[in-house]
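Subject: Structure handover, with notes on the ligand sites

Hi there,

Here is the structure I promised to pass on to you. My notes on the ligands and their surroundings follow below it.

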Amino acid sequence: MNAALPAIDRARLPKHIAVIMDGNGRWAEREGVSRAAGHEAGAKSVRAIIEACRELENIEVLSLYAFSTENWRRSKLEVDALFRLLSKYIKIELEELHKQNIRISIMGRIFGLPKKAQADLQHCIDLTKENTAMVVNVALNYGGRAEIADAAKQIAKDAVAGRVKPDAIDEATFAKYLYVPQLPDPDLLIRTSGELRLSNFMLWQMSYAEIVVLPTFWPDFRKPHLYEAIAEYQARQRRFGGRVKK
Ligand code: IPE
Ligand code: IPE
Ligand code: MG
């Protein structure tokens, strides 16, 4: 089986992989099933990518875009199905995630989520808070602009209260006010289903991420797709604005 995996260099893995898990709806349409069934199938890919990253050992953070601040525009039927699925997923998978020494982190406007989802997520955070092997950071009710606006609001409050001097605000100060400031910026962004856009995901943190877009719908995503994305990442030359290294 492993022979079929694209070759990757385990010594040069991205520290932080972020994923825009897109294409559940189109997968469902292709299969002739409901959108909810598409999301359900997507949950299996979540398990697969977490397992595959954990197995690689040196991936520190996996960020997963699960629900955007714009996704409330969908039907109530679909939104309800998504949050039911979230609770079901937690019930089935949390124990194994904990056993794998994975820490769950959540970013987004958590207080805007349904109460049941908030309670279930808090339980995940509390249970896994001491774990050290890898962070799975889930973006829920998350928007990059909302995050930047929330940070600005908090800095303004701190400035008014005299805790921060406006002239002392630089990039590093600002970054400390983001939702999960302790995590490194993503090195690799994977988007499935062929769409070439960020859709409001981690706008601040993506400055120098390498972007790999795969045509695969998210429910079809498995370990070989992860390896393919990592192989493409490793073939890129990162410059960070500097000059090409010879
Ligand atoms: C991604 O799949 C899942 C969420 C946004 C929650 P979509 O539901 O966006 O699937 P498409 O883009 O309609 O195919
Ligand atoms: C981005 O996908 C959000 C998530 C994957 C959670 P969307 O399907 O919502 O993005 P657009 O609407 O195609 O840009
Ligand atoms: Mg989509």
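A polar contact here is a pair of N or O atoms within 3.5 Å; within protein, one must be able to donate a hydrogen and the other to accept it, and residues adjacent in sequence count only if both atoms are side-chain atoms. By that rule, arginine 191 has a polar side-chain atom 3.4 Å from an oxygen atom of ligand 2.

Some bookkeeping first. This is a predicted model, in which local features need pLDDT of at least 70 and side-chain atom pairs count only at pLDDT 80 or more, while totals for chains, interfaces and linings use all residues. Residues are numbered from 1 along each chain as its sequence is written, chains are lettered from A and ligands numbered from 1 in the order in which they are written, and side-chain values use heavy atoms, with hydrogens and water left out.

Ligand 2

The shell around ligand 2 (residues with a heavy atom within 4 Å of it) is made up of Ile20, Met21, Asp22, Tyr65, Ala66, Phe67, Asn71, Arg74, Arg191, Arg197 and Ser199. Five of these are nonpolar, two polar and four charged; Ala, Val, Leu, Ile, Met, Phe, Trp, Tyr, Cys and Pro count as nonpolar, Asp, Glu, Lys and Arg as charged, and the others, Gly among them, as polar. Strand S2 (residues 61–68) supplies the largest share, three residues. Strands (E, at least two residues) and helices (H or I, at least four) are DSSP runs, numbered from the N terminus.

Two further side chains place an N or O atom by an oxygen atom of ligand 2: asparagine 71 at 2.9 Å and arginine 197 at 2.8 Å. On its own ligand 2 exposes 390 Å², and the protein buries 78% of that (Shrake-Rupley areas with a 1.4 Å probe; for residues, only the protein chains shown count as cover).

Ligand 1

Ligand 1 is surrounded by 13 residues, with Asp22, Gly25, Arg26, Arg35 and Arg74 the closest. Its shell has three nonpolar, five polar and five charged residues, and H1 gives the most, three residues. An oxygen atom of ligand 1 is 2.7 Å from a polar side-chain atom of arginine 26. For arginine 74, the side-chain N or O atom is 2.7 Å from an oxygen atom of ligand 1. The backbone contributes at asparagine 24, where an N or O atom lies 3.1 Å from a ligand 1 oxygen.

The pocket

Where do the ligands sit? Ligand 2 sits in the largest pocket, and the largest pocket is also the space taken by ligand 1. Sitting there means that more than half of a molecule's atoms lie within 2 Å of the grid points. A pocket is an open set of points, on a 1 Å grid over the protein atoms alone, where a 1.4 Å probe fits, with protein on both sides within 12 Å along at least five of seven lines; lining residues have an atom within 4 Å of a point.

The lining has 38 residues, and Met21, Tyr65, Ala66, Phe67 and Leu82 lie nearest the centre. H3 gives the largest share, seven residues.

Best wishes
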